[in-house]
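The exercises below are meant to be worked with the model open, and each is followed by a solution that goes step by step.

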Amino acid sequence: MRPRMSDPSPSLPRASLAATCFGHAVVFAWAGSALPWRSGTLFAALATLLSVLHLATAVTALLRRPAWQTWAWRALSAISALAFVIFVWTMAAAALYLWKLYPRLGPPVAGGILLAALLLSALTLPIAIWGARYTWPVRLRAPRPLGIGGSLLGGLFVLTLPLAGSAAQGEPARLVNAKVTSELSDVLEDYAQEPASDSPRTVAGAGAAECSEPITRERLTLLVAYVAGRGRASSACLQAQNPRELRRALKKLLAKKARAGSTVVLDLVTSVKALSPTIPLLDALEVRPGLDGVCEDGRCLPAWQLTLSDAFSENHQLPSIPEASYGFSTELVRKALGTAEGKPKRGISGLLRIETESMSADANGVHHLARTRATPPALSQAGIAQAVAAAQSYISLAQEEDGTFRYALDPTTGVEDKATLNLPRQAGTTYALCELGRGPEVERTIRRALLAFGPQETKFGEVSALQDAGEFGLGKSALPLLAMLRCRSLVGAENDRLLGQLSRLMLKMQRANGSFYPLFDAATKSGKGPHELMYAAGQAVLALVLLEQQLADLRGGAAEPLPSAGQLKSALDRAMGYYAGPYWPKPLRDFFFFEEGWHCQAARHALTSHRNDAYEQLCLDYVGSRLRFIARSADTSEPNFVGGYALGDLFPPSNTATSGVGEALDAAITIKKKRGLPIEADRAILRDLVTFLLRAQWSEAGCYACRKPSQVVGGFSQQLASPSIRIDYVQHAMSAIGHGGELLF
């Protein structure tokens with residue numbers, strides 16, 4: 001017996017409905033399986049259910065079963081309407097929540113979430129209305145019940161969304177104030193003045209602090225990382241009902257357990273917020289790098305311990321793009337807390353977000369930490385000289401016996417990555433030392449660094465090419481060549497033979513239109529490849545600029561045979577003409593550029609020998625496009641982000657990208673000065689940018705959790721939440737700061 005229908009429509013669509021539902025079924029099936037929604041969540045369940053109902057409706061429409069089609073479509077309509085309400089409310093609440101959590105980031109984030117909500121609405125609301133028109137009883141489609149339902153939903157949104165937004169902020173700890181912080185700082189000052197009992201140690205590897213009582217706003221909670229008497233880093237959680245009791249507990253801990261002269265780090269909990277899941281993509285943003293710590297089951301990690309781990313660089317939310325990392329990883333946080341064993345994946349459920357007032361103490365005194373960093377040197381001529389000297393020292397200490405530079409270093413574990421020689425990074429680091437290095441040791445470091453190129457040479461008659469992985473790429477020879485040319489005034493003619501071989505290679509690698517082949521073909525002894533190689537072309541132009549400037553000095557030496565002055569001028573004219581013109585059409589310059597910083601450096605060096613107006617303009621246009629991403633005080637609510645290359649408050653600025661823009665900006669200002677153009681606006685941005693880089697540099701005071709501070713000081717990480725130091729990060733930052741200082745002071 002067929003089920004009785006109430007007021008069914010006499011004619012149901014078939015082909016159009018089936019086509020629509022099949023398309024929607026594919027979209028929702030993909031969403032339920034590929035998007036970063038944990039299995040078993042409401043979102044995953046709704047997406048899967050909608051996919052099944054769409055498929056069922058499509059099949060029944062094609063089978064010409066009106067009764068079955070009516071029931072399937074009615075169910076699809078109802079579930080689509082429910083999904084629309086849930087999706088829109090959840091995403092609106094998430095937008096308001098993030099607006100509160102990341103001030104000034106609200107408009108772009110809310111706009112992005114709104115676009116996603118509109119897409120979901122387009123996939124749910126029309127099909128719900130269409131299905132209601134054909135399958136719902138007339139009495140449910142009357143204006144009165146629809147008006148009542150709409151009013152109730154509107155009231156629900158108005159009453160509940162503000163509550164969702166206000167939930168973003170943590171509950172402030174009731175007993176914490178400036179006096180409490182000052183008193184704890186005084187205790188640290190007394191500790192720092194005690195004579196060291198042995199060689200000082202840092203709190204690297206301290207681990208999570210375990211609290212005996214719940215962390216609440218009604219109780220004072222102080223996380224203490226210290227070095228125990230035997231030299232092992234440890235953590236403790238001190239809790240008290242009043243400031244005097246807390247101060248007494250800290251004094252007792254430092255007197256009985258801490259090793260005098262070694263580092264101590266205090267984190268006073270100032271607010272708490274229990275986390276609950278919403279949308280996984282947004283859940284991953286609940287903990288802000290450098291600001292928030294996390295607790296679970298009484299075990300706590302303050303912000304500095306999270307940022308020094310991989311919690312913010314190893315969260316792979318998208319199964320379809322496994323390389324992409326976003327937000328923080330709850331699994332890695334629980335592993336670091338020691339609470340992951342024997343528990344299923346629970347997302348952020350059960351985690352407690354904490355904000356803290358942080359300070360450290362060492363033999364040099366007490367340091368108040370802002371976003372995990374100690375106070376940087378002042379933006380002054382002396383402060384910049386100090387930063388450049390520290391970077392130079394880092395590079396010199398990173399040099400191996402064979403002249404190569406250590407590739408990477410983990411500051412917290414001391415693990416070194418002594419990867420095989422990378423020619424561009426070796427040459428770029430050497431070039432930076434020759435540009436800005438000072439002191440008696442720098443010449444020795446440069447000589448040893450340049451000697452590392454010789455074993456990588458393969459001769460092809462009057463030209464040679466360098467390779468480090470079986471491939472003769474343009475940049476693998478261009479950057480070593482410009483390093484040898486730039487360093488020649490320091491080390492003399494000892495590299496002139498190889499310098500001449502590579503100079504002739506550069507001319508051989510140039511196409512007729514002035515551009516450069518990306519690869520050298522060993523079989524044909526000529527350039528090959530139809531594409532451009534990022535960075536390498538600008539390096540080749542800079543190498544030819546430096547060669548032209550030193551051509552007379554190289555005559556009659558080991559670098560011969562050298563091109564004539566006319567040949568070299570023609571090559572440079574063609575190169576500058578191509579990269580200033582057809583390489584990057586002017587209409588594109590209003591929208592975006594690739595990385596053209598080396599062209600800026602080439603234009604800067606050419607100001608004294610081979611000026612080209614259009615080529616200089618390429619640099620000015622490129623820098624203008626990049627300065628839009630440098631955070632200014634009016635753009636961000638986070639003072640520590642001002643001057644950094646950032647896409648908003650959501651993610652910490654990239655130190656590496658900031659350095660690259662800084663190098664190009666240094667060149668652009670120099671070009672503008674030569675042209676007589678105004679530069680004050682650019683200098684103001686440069687001041688912010690250099691200040692940001694000074695803050696980002698690892699210092700003695702900021703190395704409170706470094707395994708081997710002497711290896712780390714002077715280095716630069718990729719960004720705040722990705723602590724690994726690479727040699728190219730250091731050389732680019734050194735160059736941006738050093739040349740920036742020359743323009744500012």
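**Exercise 1.** How many residues has the largest nonpolar core, and which have the most contacts inside it?

*Solution.* This is a predicted model, in which local features need pLDDT of at least 70 and side-chain atom pairs count only at pLDDT 80 or more, while totals for chains, interfaces and linings use all residues. Residues are numbered from 1 along each chain as its sequence is written, and side-chain values use heavy atoms, with hydrogens and water left out.

A nonpolar core is a set of buried Ala, Val, Leu, Ile, Met, Phe, Trp, Tyr and Cys residues joined through side-chain atoms within 4.5 Å, where buried means under 20% relative accessible area with a 1.4 Å probe, protein chains only. The largest such core has 128 residues, and those with the most contacts inside it are Phe 516, Val 541, Tyr 579, Tyr 615, Val 623 and Ile 737. Helix H16, residues 536–554, gives the most to this core, with 12 residues; helices are DSSP runs (H or I, at least four residues) and strands likewise (E, at least two), numbered from the N terminus. Apart from this core lies another, of 30 residues, among them Cys 21, Phe 43, Leu 53 and Tyr 134.

**Exercise 2.** Describe the link between Cys 600 and Cys 619.

*Solution.* Begin with the bond: Cys 600 and Cys 619 form a disulfide (a pair of cysteine sulfur atoms within 2.5 Å), their sulfur atoms being 2.2 Å apart. The pair links distant parts of the chain, with Cys 600 in helix H19 (residues 597–605) and Cys 619 in helix H20 (residues 613–626), 19 residues apart. Next take the torsion about the S-S bond, which is about 110°, so the disulfide is right-handed. Finally consider burial: Cys 600 has a relative accessible area of 0% and is buried, and Cys 619 is buried too, at 2%.

Key:
Buried < 20%, exposed > 50% of the residue type's maximum accessible area, 1.4 Å probe, protein only.
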